[in-house]
Amino acid sequence: MISRKPHIIGKPFPLIEAQRKLTGRSCYAGDEKPRSGQLYARILFSERPHARFQLHHVEAARSAPGVAALLTGQDLATRLGAQVEDRELLATAEVLYVGQPLAVVAAETPEAAEAALARIQVTYEDLPAVFDIEEALQGRVQVHPHWATYRGTDALQGDPRRNLAHTLRFRRGEPEDAMARAHVVVEHAYTTAPLHHAPLETHGAVAHRRGDQIVMWVHTQAPFLQRAVIARALKLPLNQVRLIGQCVGGSFGGKVHVSIEGLLAAIAREVDRPVRLHLTREEEFSATFITPAMRARIRMAADAQGRLVALQAVYDWNVGASVDLFLHQLESVLLAGTGPYVIPNVSIEVNAIYTHLPPAAPMRGLSLAHVHWAVEQHMDELAERVGMSPVDFRLWNLVKGGDKLFPHFVMHATGLESCAWETTKAIDWHPEAIPTGPNAMTGQGMALGWSPILIMPGCKNRVTIQCDGEDLCTVIVDGMDVGQGYYAFITQLIAFELNIPVEWISVLPTDTDAYEPEWQAVYQNLLWSTGRALLRATQELKRQVLSYVSEMWEEPVTNLDIVEGDIISYATRRRMSFRELLERGSGQGAPLVFRATGEYAASTDGGALDQRLQAFAATGYAAEVTVNMKTGHFVITQLAGAVDVGHALNPEGVRAQLKGGLVQGISTTVLEKMEFEDGRPISTDFMHYPIATTADLPRKLYPVVVEVPQSTGPYGARDVSNHVIIGAAAAIGNAIYRATGVRIRDLPITAQKVYDALQRAEKGQAP
Amino acid sequence: MKHAISFILNQEEIQLTVDSHRTLLDVLRDDLGLTGAKQGCDTGECGACSVLLNGVVVNACMVLAPEADGAEILTVEGLADEEELHPLQRSFIDHHGVQCGYCAPGMLIAAKALLNRTSRPHEEEIREALVGNLCRCGAYPDIIKSIQVASRARR
Amino acid sequence: MHTFDYIRLHSLEEVAQHLAQGPGVRLMGGGNVLLLAIRRGEEAPQKVLDVKTIPELRDVRYHHNQGLKLGAAVPLQHLATGLEVRRHYPLLYQTAQKLASPQVRNRATIGGTLAWASPVSELAAPMLCYDTVCYLWSPRGRRDVPLHAFYLGDFRTVLMEDELITHVHLPPPPQRSHGVYLRQTVRHDGRRMIAATAVWAMRKQQNLTRWRIAVLGVDDRPKRIPEAEAALEGNPHPEDIQRALEIVQAHIHPQDVIYARADYRRVVLNALLQQGIHQVIHQLQSMRS
């Protein structure tokens, strides 16, 4: 009796790189062995938020000892952007934010590079700068007066005179009328602070022009996207730029888009020696990207039975000097902007507003965390006004499978309800505040959330599997493992599908030369699209192998299978090792090679947003806090977070992602804020940008895995990493309210804000 | 100013000449090619460059290279015994104590320092021992678990 | 980075010789503060003198009649692990557990930490409660300065150009005493202090006496508030405690920082102090007489 090996799907599976990472052998930015003849690049950054500037003594810098090349905006005037080219590679005449690159140099040593840049004197003629979105919208100062001339702006709904970069709108029913007739209407504004991805590994890369190709070893999340942007900026054909992905020490979205990589490619083009660049911590904070602050203005209405009848929401994002990297997020915000509820009358407006802050880039699921920070606190308040419990009110209005949410999108089966039950159960839900000490009150709060899995237009994913005698099974992918377990997932699935030992499989470094130049790979929600591509590749590969053996054994293919690394015939019981077959070759000394590629692209018939929408990941959270009523000091005592992952292919891996997301959720809810002083970042180290430590963990942290299979996902699975953070802030905010009776509507939640709100409440002022 | 220094690094004697102002981290990474200790902040805030200096955990970015003269140093590269992984490393693999992995070498060293002085630490002690090691992925719960399991497995 | 000469010293005489050569010379203990300042370009010494290698600065001596004498180059970690600290100076021991991180405690020295004179120096709080005296040394001789008189505010101290701390001395601890250290920080590892306080007292028959109140984060230096201590002398009643709290408020000058307003720091200190005083009273009163 031949049985299929108990499958490794749904079983523990460690991270592929774990052993290398834990023995110090992984190659992160700055870890590359110096290459022969290597040069070191440094960048000169703007110190003013908005100014006309001039560089003096550039020639002196160029001729400084050890300098191999130096570029300024005068030498290379070009623009950068994936969809909208609203950034300059090197500033040419005006700077638009502090930290904008002015010059890049390559020299024999880092010290020589520094010394050369020190020779450049920058004179600024300051211009009025605007940092606040309200002020920006008044349009007295324009961040991008020549906006309309940038490539890509024609596809945007913007108004450069008001610094409006882009607007998205969604409307259903008659929200104004419904509001007027509603039983209860609640209206508030919610705000958040700018954040930083703050990966422990700062940005770095090595570039080397070899002939007419610039080869780059990068530590980024999206080599294909970056290759396209860099090539266009340098006006090179795509095949003249090659990016090879290396180990990434944390990205969270901060290493998706081109930051220093474009400058490095430009300076490497000038020389024929390898050039290395590695940012300092201060540069990482002050000269890469920030995650934008949000302001949400929400009006929500319910009828006397507690049914939501209308929502009017405006989400404004302060995207700094560039919207390009954030455009995709705006679409997600539009789709998720109601929260996971059925509301018949809706109007949502999503605005991106330019200011003189550093360019914006999304961070993990945080834009959606901020949307839910608003919606889910609002839901709690509305529940109270209609006299329902937070749980009942949400369940009563929840989106369910079969709901037609958008013209082209019908909701699939979802675990939203389980997320609510499981998380509240985990913290032993009690809806009332409890005194837990002198001056101490303990309260609990919950939140639900959802997050669209949305494929960017024109993007695909591809997996190529090759089986041969030399390397057994090599895999070429176009996504990057940034610690979320992508390579483990690939390995696990191939081992399962081909039924071969895990040890045979090696995933090659992601290399843009592996696919044709125009390839645009998806870089987020990878499980979804890569998983689908992978299944196509394994099916094709298996077909090839079995047809080959079928000819050799003169047996019909339908008799054959691969089982635990052996090729077997169910009919004749014949069996041979697949490995031996590969190693033996085809006879006549020629190697035997099987190779198959699978591809997945979202439906491209029509680029409408809801046609690119694949699914909604469902999430749920429950938090408990204890608050000192005299000082506002609070401690998060419990936090539970659930994601409906469809099917947990690697359960411990999923739980690890969940726990990490919850910790990041706490960190971004109570600690983090990028501080600026007149546009100049002052949060430039971990002292001034505190992130959570082990001391900030709650006593009890519950990762909850919910599995309502997704019929269209690989094995019924959905992604997890981006979604785990979504409701943490809202649940904590709701718990603070439950404990104290005051509501904090501005992130981060600090003890001082809670104290201030308690004081206002005591004086009878509006909280 | 140049200093001819010698120290024991991962049980091997090292002799070299260093400038006064360079840090132990510079020397490990640039001169000796040991890049296991990471450069995360250069301000002693993140712990990614943690090494054992005479048996206690320090941030190598905050130690001057000449201070290492005569010292015994252990980096993550010296943790495994030949081919055999250290129980901590094994446990980090088994319990998902590593995500992006940039903090992992420092975490392992901080954990080793803890186990050197407390054979079976309880959760609170582990938390306290790791406050100087930042993990942006938020993998702390699994890191703590990895250390706890490893310490229990030891004789 | 700025270049300098690193020199290991082995005696106080060597310190004197180098210091006599004029400015551009800096002493280094753990280096946590100095190296950062150099990296940021705030300091550019020509010579960095490592005093950790001076044997007498590594002294740790305890005698039940004389108390505890600690060399200035003893690392802070010793205070979090030393048996004599744990047994006889529990407030210092408990506070030391919370200081920064193991990495920092293993390097930072007692002398260096005190000489830095940060207004949020957590080491100072228990040391002030234990009436710590600093031994200062220069070629001109030795002088003893009580820690509470050591600070001049805004990171300044009474140390002269050619002077260093060689030891700190903690008098023998009285029997039947108790102290607590309480802090509120934005990050729970101690980063971004809003306010902190150490409260200490001893019991003599039925009286609670020799009160010590040290406060951090609410003035330009770590400081004791002797006037408030006096108000608690004896067996403080609620109104005495209230008066002590008011006196403290009258003697502090908190500053706004980016993460906390001055008025909020007052509120927090008040709450911590109230809690601390009650805990000390409760502990001392529950001790058997």
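What percentage of the 767 residues of chain A count as buried? In this predicted model, the share is 66%. Chain A contains 19 helices and 33 strands. Its radius of gyration is 27 Å, close to the 27 Å given by the globule rule for 767 residues, so chain A is as compact as a globular protein of that length. Along the principal axes, the C-alpha atoms of chain A fill a box of roughly 90 × 75 × 50 Å.

Most residues other than glycine have a negative phi, and most peptide bonds are trans. Glu564(A) has a positive phi, near 50°. This residue lies in the loop between strand E25 (560-563) and strand E26 (566-569) of chain A. Glu564(A) is partly exposed, at 46% relative accessibility. Asp678(A) is not a glycine either, yet its phi is positive, at about 50°. The loop between strand E31 (676-677) and strand E32 (680-681) of chain A holds Asp678(A). With a relative accessible area of 63%, Asp678(A) is exposed.

A cis peptide bond occurs between Leu747(A) and Pro748(A), with omega about -5°. Pro748(A) sits in the loop between helix H18 (728-740) and helix H19 (751-762) of chain A.

Chain B carries a negative surface patch. Asp81(B), Glu82(B), Glu83(B) and Glu84(B) form this patch. Glu83(B) belongs to the loop between strand E5 (72-74) and helix H2 (87-94) of chain B. Its relative accessible area is 77%, so Glu83(B) counts as exposed.

Note on methods
Residues numbered from 1 in each chain as written. Chains lettered and ligands numbered in written order. Predicted model: local features only at pLDDT ≥ 70, side-chain atom pairs only at ≥ 80, totals over all residues. Heavy atoms only, no water. Patch = residues over 30% accessible without salt bridge, like charges linked within 9 Å, V, L, I, M, F, W, Y side chains within 5 Å. Areas by Shrake-Rupley, 256 points an atom, 1.4 Å probe, with all protein chains shown as cover. Salt bridge = Lys/Arg side-chain N within 4 Å of Asp/Glu carboxyl O. Lys, Arg positive; Asp, Glu negative; His and termini not counted. Charge placed at Lys NZ, Arg CZ, Asp CG, Glu CD. Helix = DSSP H or I, 4+ residues; strand = E, 2+ residues; numbered from the N terminus. Buried < 20%, exposed > 50% of the residue type's maximum accessible area, 1.4 Å probe, protein only. Rg over C-alpha atoms; globule rule 2.2 N^0.38 Å.
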